[in-house]
Amino acid sequence: MTEFTLEHLQTIIAQKADADPQSSWTAKLLADGPKGAAQKLGEEATETIVAALSEDKQAFIGESADLLYHWLVLAHAKGVTLEEVLAELQSRTAQSGLAEKASRKAK
């Protein structure tokens with residue numbers, strides 16, 4: 001099996017960004033700008049939560065895939081890369097999660 005990564009998906013999204021919105025869901029989402037992409041991400045987050053609360057593992061897997069895809073589309077719309085977010089996550093591992101969260105509240 002070929003290893004598929006979020007980096008691959010990020011590349012696909014970037015390639016489809018300038019496609020005709022009539023022929024590409026990615027292009028259609030991006031044509032609506034960050035607001036439209038954010039709204040769709042919110043819908044997908046809710047669907048993921050509902051699936052997580054059900055007993056249907058496959059539904060949760062499918063909704064999780066939708067959530068990750070739509071998050072990457074919104075990140076593209078905002079000019080944010082997966083690498084930037086991963087770097088932020090990595091920087092947070094230098095301390096406990098509780099201490100890191102407390103430091104964010106103080107800002």
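## The buried side of α1

In this predicted model, helix α1, which spans residues 6-16, has Leu9, Gln10 and Ile13 among its residues as buried positions. Because these three cover an arc of only 105° around the axis, they lie on the same side of α1.

The partners of that buried set are also helical: the buried residues of α1 pack against α2 (25-31), α4 (57-78) and α5 (82-92).

## The start of α1

Where α1 begins, Thr5 is placed so that one of its side-chain oxygens comes to within 3.3 Å of the backbone nitrogen of Glu7.

## Architecture of the chain

The protein chain contains 6 helices and 0 strands, and the order of its elements from the N terminus reads α-α-α-α-α-α. Taken along the principal axes, the box filled by its C-alpha atoms is roughly 45 × 35 × 35 Å.

When contacts between residues at least 6 apart in sequence are considered, 54% of them in the protein chain join residues at least 24 apart.

## Burial, surface and charge

The protein chain has 107 residues, of which 26% count as buried, Leu9, Gln10 and Ile13 of α1 being buried residues. Its accessible surface amounts to about 7,600 Å², and carbon and sulfur atoms account for 59% of that area.

As for charged groups, the protein chain carries 11 positive and 16 negative side chains, with a separation of 9 Å between the centres of the two sets.

Definitions and conventions. Residues are numbered from 1 along each chain as its sequence is written. This is a predicted model: local features need pLDDT of at least 70, side-chain atom pairs count only at pLDDT 80 or more; totals for chains, interfaces and linings use all residues. Side-chain values use heavy atoms; hydrogens and water are left out. Buried means under 20% relative accessible area, exposed over 50%, partly exposed in between (1.4 Å probe, protein chains only). Helices (H or I, at least four residues) and strands (E, at least two) are DSSP runs, numbered from the N terminus. The arc is that of the directions from the helix axis to the C-beta atoms. Contact means heavy atoms within 4.5 Å. A polar contact is a pair of N or O atoms within 3.5 Å; within protein, one must be able to donate a hydrogen and the other to accept it, and residues adjacent in sequence count only if both atoms are side-chain atoms. Accessible areas come from the Shrake-Rupley method with a 1.4 Å probe; for residues, only the protein chains shown count as cover. Lys and Arg count as positive and Asp and Glu as negative; His and the chain ends are not counted. The place of a charge is taken as NZ of Lys, CZ of Arg, CG of Asp or CD of Glu.
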